[in-house]
Amino acid sequence: CFLDFETDESMRTQKFNPDILQITHCQTGRYECEFANHTVAYLPTGYFSVATTAHLPTSFSFPLGKYYGVSLVIDRQALSDEIRRMMRTIPIDLDKIGTTLGLETQWYVSDTPPQLRHLFSELYTAIQTEPVGYFKIKAIELLYHMDQLTQISGCDSRGALESVGVPSGIFPHIWGHSVCLPQKIQNEFSCPVAFGKQDENR
């Protein structure tokens, strides 16, 4: 989904299936959240993050009054065996991404490297012009890059938890601020992947 928020309201996070993986990029604005232990985290412009719903904040907000970005959301429990086999041939191991990056207890966050900046830029541009198949290909490409993160020796995201976060708490509010592409992007990909844009008539 493309996330387009214009609000400074603080929102409470709801509980979700803990096996949902989310990759998020912030193009404009700033996202902040607070955990139960009162740790405050944020996602600023130009950063991306990888997280699961196993580790969620208690509340979140947009202190600059705006936030625009994109999220790839995958429910790993809903993936068919066929899709998992296809991903392994690439190879992409969604379970390994979560385990290696320690997403059960923390988030992986980073300034967006050049190759990912290019990929996210293509997504922001393509929303007005490209068909569903294009976004399916880009989703796989993004997952491939996330899998490569697990190959980097010494990769450590623990220090970032105190300063940078990901909008995992946004799930119940996404659909009021985005319009998804046709439903078949979910049906054909066999997982809840959605890219969309804000409905300007809201």
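Where is the place of Pro91? Pro91 sits in the loop between H1 and H2, and the peptide bond that leads from Ile90 to Pro91 is cis, with omega near 5°. Most peptide bonds are trans, and most residues other than glycine have a negative phi.

The model is predicted, so local features need pLDDT of at least 70 and side-chain atom pairs count only at pLDDT 80 or more, whereas totals for chains, interfaces and linings use all residues. Residues are numbered from 1 along each chain as its sequence is written, and side-chain values use heavy atoms, with hydrogens and water left out.

The chain contains six helices and ten strands. Helices (H or I, at least four residues) and strands (E, at least two) are DSSP runs, numbered from the N terminus. Of the 202 residues in the chain, 49% are buried; buried means under 20% relative accessible area, exposed means over 50%, and partly exposed lies in between, with a 1.4 Å probe and protein chains only. The chain exposes about 9,600 Å², and carbon and sulfur atoms supply 48% of that area. Accessible areas come from the Shrake-Rupley method with a 1.4 Å probe; for residues, only the protein chains shown count as cover. Among contacts (heavy atoms within 4.5 Å) with a separation of 6 or more, 81% are between residues 24 or more positions apart.

The interior can be described through its nonpolar cores. A nonpolar core is a set of buried Ala, Val, Leu, Ile, Met, Phe, Trp, Tyr and Cys residues joined through side-chain atoms within 4.5 Å. The largest has 31 residues, and those that touch the most other members are Phe48, Val50, Leu94, Phe120, Leu142, Leu143 and Met146. At least two residues of this core come from each of E3, strand E5 (47-52), strand E7 (67-75), helix H1 (81-88), helix H2 (94-100), helix H3 (114-126) and helix H4 (132-149). H4 gives the most to this core, with seven residues. Apart from this core lies another, of 16 residues, including Cys1, Leu3, Cys26 and Ala41.

The loop between H1 and H2 also holds Ile92. Ile92 counts as buried because its relative accessible area is 3%. Leaving aside neighbours within four places in sequence, Ile92 is in contact with Met87, Ile140, Leu143, Tyr144 and Asp147. The C-alpha atoms of Ile92 and His145 are 9.0 Å apart, although 53 residues separate the two along the chain.

Val70 belongs to strand E7 and is buried, because its relative accessibility is 2%. Val70 and Phe48 are 22 residues apart in sequence, and their C-alpha atoms are 9.5 Å apart in space. Thr24 is found in strand E3 (residues 20-34) and is buried, with a relative accessible area of 0%. The side chains of Thr24 and Ser71 are joined by a polar contact of 2.8 Å. A polar contact is a pair of N or O atoms within 3.5 Å; within protein, one must be able to donate a hydrogen and the other to accept it, and residues adjacent in sequence count only if both atoms are side-chain atoms.

Aromatic side chains form a further theme. The structure holds ten aromatic pairs. Rings of Phe, Tyr and Trp (its six-membered ring) pair if their centres lie within 6.5 Å; planes under 30 degrees apart count as stacked, over 60 as edge-to-face and the rest as tilted. Phe60 and Phe62 form an edge-to-face pair, at 6.1 Å centre to centre and 80° between the planes. Phe62 also pairs with Tyr67 in a tilted arrangement, at 5.5 Å centre to centre and 40° between the planes. Phe60 is buried at 1% relative accessibility, Phe62 at 0% and Tyr67 at 1%. Phe5, Tyr31, Phe60, Phe62 and Tyr67 form one aromatic cluster. Elsewhere, Arg30 lies over the face of Tyr42, at 4.1 Å from the ring centre; a charge sits over a ring if NZ of Lys or CZ of Arg is within 6 Å of the ring centre and within 35 degrees of the ring normal.

Finally, Pro57 lies in the loop between E5 and strand E6 (59-61), and is buried because its relative accessibility is 4%. Not counting residues up to four places away in sequence, Pro57 touches Thr13, Tyr31, Cys33, Glu34, Phe35 and Trp107.
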